[in-house]
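The points are grouped by topic.

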Amino acid sequence: MEILVVIPTYNEADNLPRLVAALASLGLDLGVLVVDDASPDGTGQLALGLRQTYPWVNLLPRRGKLGLGSAYVEGFHWALEHSDASLVVQMDADFSHDPAAVPSLVKAARGGALAVGSRYVPGGQVKNWGLGRRMLSRGGSLYARAILGLPLRDVTGGFKCWPRAVLASLDLSRLVSGGYAFQVEMNYRAHRGGHRLVEVPICFEDRRVGHSKMTLGIGLEALVVVWRLRLARGI
Ligand SMILES: Nc1nc2c(ncn2[C@@H]2O[C@H](COP(=O)(O)OP(=O)(O)O)[C@@H](O)[C@H]2O)c(=O)[nH]1
Ligand SMILES: [Mg+2]
C-alpha cells in the first residue's frame, strides 16, 4: 500500500470508527496504524474490532499514557519496519485534522517534500480558538521560524505527510522534545537534513469537548526548547 496513516489515540472511542470510515472513503491506497496508550475507554479493542471491516487497520498497543511524542516515534518505527508504505501521514483522531485534507497532503509529499498542514498560509484556517490562543500560536510560529530559520508559517501543527525516505533519514532516537515542541523539532531536523518542506493549507478545528492542554508553562517551555534546538550540535 502507498500510504500509512499513523494515529495516536487516548480515549478516542467516539471518534476512531468515524475517522477510519472517512479515511476509507477517500479512495486512496492506504492503511492505518493506531498507536493506543491503553485508553480506559477501550479505543484499542475498538481498533481491533474495526479490522473485521477494514483489514488494513493495525494496532500498536502501549502499556499506559506515555505521551504524544513518544507515540509518534514508536508509530514511525513501526511504519519503517512493518510497512512498505512510501508515504506516512500523521494525524490526530479528534477531527481537528480533517480527513478530507489527506489527499492534498499526499499529493504534495509525492514530490519528495515533507508536506506540513498549515493554518497560516492562504487558504488555511483555525476554528474554535479565541483571540489569545490564536495570537500565541501564530506568534510562537513566527518566533520559532525566526530563530530556527524554518521555511514555515505554521511550525507546531501535527498534520503532515512524510515521504518514507525523509522519515528514515532522521535519527528518531536523538529527539529531545515532547509536547508541541516535538512537531517543531521534527520539522527542524528534516529541514537541517536538506529536505524540502512545503506547506499545504488546512482548516484546523479544535475539539469541542474536553480541555486544551495548553498552559503558560508549556508556552514558556517552547520558548526555551527553540533555543535548545538552535544551539544543539549535530541537528
Ligand atoms: N497514544 C497517545 N495518544 C495521545 C496521547 N495524548 C494525546 N493523544 C492523542 O493525540 C491526539 C492529539 O491530542 P489532543 O488531546 O487532541 O491534543 P491537542 O489537540 O493538542 O489539545 C489525539 O488523537 C489524542 O487522542 C498520549 O499520551 N498517547
Ligand atoms: Mg486535539
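Helices (H or I, at least four residues) and strands (E, at least two) are DSSP runs, numbered from the N terminus. The model is predicted: local features need pLDDT of at least 70, side-chain atom pairs count only at pLDDT 80 or more, and totals for chains, interfaces and linings use all residues. Residues are numbered from 1 along each chain as its sequence is written, while chains are lettered from A and ligands numbered from 1 in the order in which they are written.

**Ligand 1**

- The shell around ligand 1 comprises 19 residues, the closest being Pro8, Tyr10, Ala71, Asp92 and Ala93; a residue is near a molecule or strand if its C-beta atom, placed from the backbone, lies within 6 Å of it.
- At least two residues of this shell come from each of strand E1 (3-9), strand E2 (30-36) and helix H3 (68-82).
- By class, the shell around ligand 1 holds 7 nonpolar, 4 polar and 8 charged residues. Here Ala, Val, Leu, Ile, Met, Phe, Trp, Tyr, Cys and Pro count as nonpolar, Asp, Glu, Lys and Arg as charged, and the others, Gly among them, as polar.

**Nonpolar core**

- In the largest nonpolar core, which has 61 residues, Val6, Val88 and Val89 touch the most other members. Helix H7 (residues 179-192) gives the most to this core, namely 7 residues.
- Such a core is a set of buried Ala, Val, Leu, Ile, Met, Phe, Trp, Tyr and Cys residues joined through C-beta atoms within 7 Å. A residue is buried if 20 or more other C-beta atoms lie within 10 Å of its own, exposed if 12 or fewer, and partly exposed in between, with C-beta atoms placed from the backbone.
- Residues up to four places away in sequence being left out, valine 88 touches Leu4, Val6, Phe76, Ala79, Trp162, Arg164 and Leu167; two residues are in contact if their C-beta atoms, placed from the backbone, lie within 7 Å.

**Packing of H1 and H2**

- The axes of helix H1 (residues 16-24) and H2 are 10 Å apart, at an angle of about 35°. The contact involves Leu16, Pro17 and Val20 of H1, together with Thr43, Leu46, Ala47 and Leu50 of H2.
- The residues of this contact of H1 with H2 comprise 6 nonpolar, 1 polar and no charged.
- Axes are lines fitted to C-alpha atoms, for helices over the stretch in contact, and angles run from 0 to 180 degrees between N-to-C directions.

**Positive phi**

- Most residues other than glycine have a negative phi.
- Alanine 38, although not a glycine, has a positive phi of about 50°. Alanine 38 belongs to the loop between E2 and helix H2 (43-50), and counts as partly exposed because 14 C-beta neighbours lie inside 10 Å.
- Phenylalanine 95, also not a glycine, has a positive phi of about 70°. Phenylalanine 95 is placed in the loop between strand E4 (87-90) and helix H4 (102-110), and is partly exposed because 18 other C-beta atoms lie within 10 Å.
- Apart from neighbours within four places in sequence, phenylalanine 95 is in contact with Asn15, Leu19 and Glu205. From C-alpha to C-alpha, phenylalanine 95 and phenylalanine 204 are 8.6 Å apart in space and 109 residues apart in sequence.

**Other loop residues**

- Serine 86 is in the loop between H3 and E4, and its 16 C-beta neighbours inside 10 Å make it partly exposed. Setting aside neighbours within four places in sequence, serine 86 is in contact with Glu2, Pro163 and Arg164.
- Valine 176 lies in the loop between helix H6 (164-169) and H7, and counts as exposed because it has 12 C-beta neighbours inside 10 Å. Beyond four places in sequence, valine 176 is in contact with Glu185, Arg228 and Ala232.
- Aspartate 171 is also found in the loop between H6 and H7; with 10 C-beta neighbours inside 10 Å, aspartate 171 counts as exposed.
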